[in-house]
Amino acid sequence: MNKRIQSVLMLLLGGAILRIAITGSYQRYVKHGLRPLLLLAGAFLVIMAVLTLWYEFRGRHHHDDGHGHDHGHSHEPGVGWLLLLPALVLLTFSPPALSAFAAGKSGTIVVSSESDYPPLPAGNPVPVTLLDYAARSIYDSGRSLTGRTVQMFGFVTPGPGGQPVLARIVLTCCAADGRPVKVGLTGKAPTGLGAGTWIQVEGTYSSQTGSDPINKAKVPYLAVTAWQEIPTPQDPYD
C-alpha cells in the first residue's frame, strides 16, 4: 500500500469518526462519555491525511520538475484500493445499535451486589434503570422498591418460557462488550409486540423471579401497571 492509499484511508476513517461523533450515532457503538475522544481522534486522522497527501503531491511535483515526466506506467497493486471499501461503507452507512437479536443470543448480566441500597428519589413514578431495578430486586429483596412505582424503558425480547421481557444492553466500553440486562413483565404486561420494539413501562416490585434460558441467571420481574410504545432512543444503552 503506498502513501496515497494510506492517506485516503485515514481521511475516510477520520471523516467517518467525525460523522458519527457529530451526528450522535456514535452512541450505537460506544459509551456517551467517549464523544470528546472520538472528535479528537477523527480530527487528528483527517489533519494527518491532508498533510500527508499535500507532502506526497508536492514532492512528486518537484521530482517531475527536476527530472522530466516519466512516460512509463507505475504499476501499483489495484487490490490496495479495495481497502477503501470498508471505510466508504462506514462513512455512508451506520449499522444499528445492539438490540433484541443480541439480547436473544446472550444471557442476562449477573448484577453485582452492593452493601447498601439508598432510598429511591421522591416522586411517583420514579425513573430507574433496568440494571438498578434488577440489583435492588435480587440483592435487596425489593425492600427499597416496596410501595414505589417505578418507570423504565427498553426493548422487548424473549425471556423465560419464551415470554417477552424488557431488556437493554449494558456497555462497559463499547458495543463489543455489550451484555443484556433483562426484567420480566407481569401484571398488565404488553402482548403482541415484535422483538426489538421499544416500550416505556410503569409498575411496582414483584417478588416473582425467573431463570434466563441461556445462562440460567436470575431474572427479576416487574408488575406492570401501564405501558406505551416509544421511539428508539438516541442513547440505546443502559
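Author: What follows is a set of questions and answers on the terms applied to this predicted model.

Reader: What is the overall make-up of the chain, and in what order do its elements run?

Author: The chain has 5 helices and 6 strands, and from the N terminus on the elements run α-α-α-α-β-α-β-β-β-β-β. Of its 238 residues, 37% count as buried, and the chain exposes about 13300 Å², of which carbon and sulfur atoms supply 61%.

Reader: How do you know what span to expect of helix H1, and what does H1 reach?

Author: Helix H1 covers residues 3-23, which is 21 residues, and the expected span is 1.5 Å times one less than the number of residues. That expectation comes to 30 Å, and H1 reaches 30 Å from its first C-alpha to its last, close to what is expected. After H1 comes Gly24, whose phi is positive, near 90°.

Reader: Why is Ser7 called buried?

Author: The word buried is used under 20% relative accessible area; Ser7 has 1% relative accessibility, and therefore it counts as buried. Ser7 lies in helix H1, where the buried residues also include Arg4, Ile5, Leu9 and Leu12. Leaving aside residues up to four places away in sequence, Ser7 touches Ala49, Thr52 and Leu53.

Reader: Why is the pair Asp132 and Arg136 called a salt bridge?

Author: The term requires a side-chain nitrogen of Lys or Arg within 4 Å of a carboxyl oxygen of Asp or Glu. For Asp132 and Arg136 the closest N and O atoms are 3.0 Å apart, and the pair forms a salt bridge. The two residues are 4 residues apart in helix H5 (residues 130-139), and therefore they are separated by about one helical turn. Asp132 is partly exposed, with a relative accessible area of 26%, whereas Arg136 is buried, with a relative accessible area of 5%.

Reader: How many salt bridges does this rule give, and which residue is the partner of Arg143?

Author: The count comes to 3 salt bridges. One of them joins Arg143 to Asp140, with the closest N and O atoms 3.6 Å apart, a value that lies within the 4 Å cut-off. Arg143 is exposed at a relative accessible area of 58%, while Asp140, at 10% relative accessibility, counts as buried.

Reader: What makes the pair of Asp212 and Lys182 a link between distant parts of the chain?

Author: The side chains of Asp212 and Lys182 meet in a salt bridge, at 3.0 Å from N to O. Asp212 is in the loop between strand S5 (198-211) and strand S6 (218-229), and Lys182 is in strand S4 (residues 179-187), so that the pair, 30 residues apart, links distant parts of the chain. Asp212, at 1% relative accessibility, counts as buried, and Lys182 is buried as well, with a relative accessible area of 3%.

Reader: How do you know that S5 and S6 pair, and in which sense do they run?

Author: Two strands pair if at least two bridges are found between them; S5 and S6 have 11 bridges and pair in the antiparallel sense. S5 and S6 form a hairpin with 6 residues between them, and Lys216 in the turn has a positive phi of about 65°. S5 is also joined to strand S2 (residues 150-158) by 6 bridges, and S2 and S5 run antiparallel; here the bridge partner of Gly154 is Ile199 in S5.

Reader: Which residues does Thr225 touch, and is Thr225 buried or partly exposed?

Author: Thr225 is in strand S6 and is partly exposed, with a relative accessible area of 42%. Not counting residues up to four places away in sequence, Thr225 touches Lys188, Glu202 and Gly203. Thr225 and Gly187 are 38 residues apart in sequence, and their C-alpha atoms are 6.7 Å apart in space.

Conventions. Residues are numbered from 1 along each chain as its sequence is written. This is a predicted model: local features need pLDDT of at least 70, side-chain atom pairs count only at pLDDT 80 or more; totals for chains, interfaces and linings use all residues. Side-chain values use heavy atoms; hydrogens and water are left out. Buried means under 20% relative accessible area, exposed over 50%, partly exposed in between (1.4 Å probe, protein chains only). Contact means heavy atoms within 4.5 Å. Accessible areas come from the Shrake-Rupley method with a 1.4 Å probe; for residues, only the protein chains shown count as cover.
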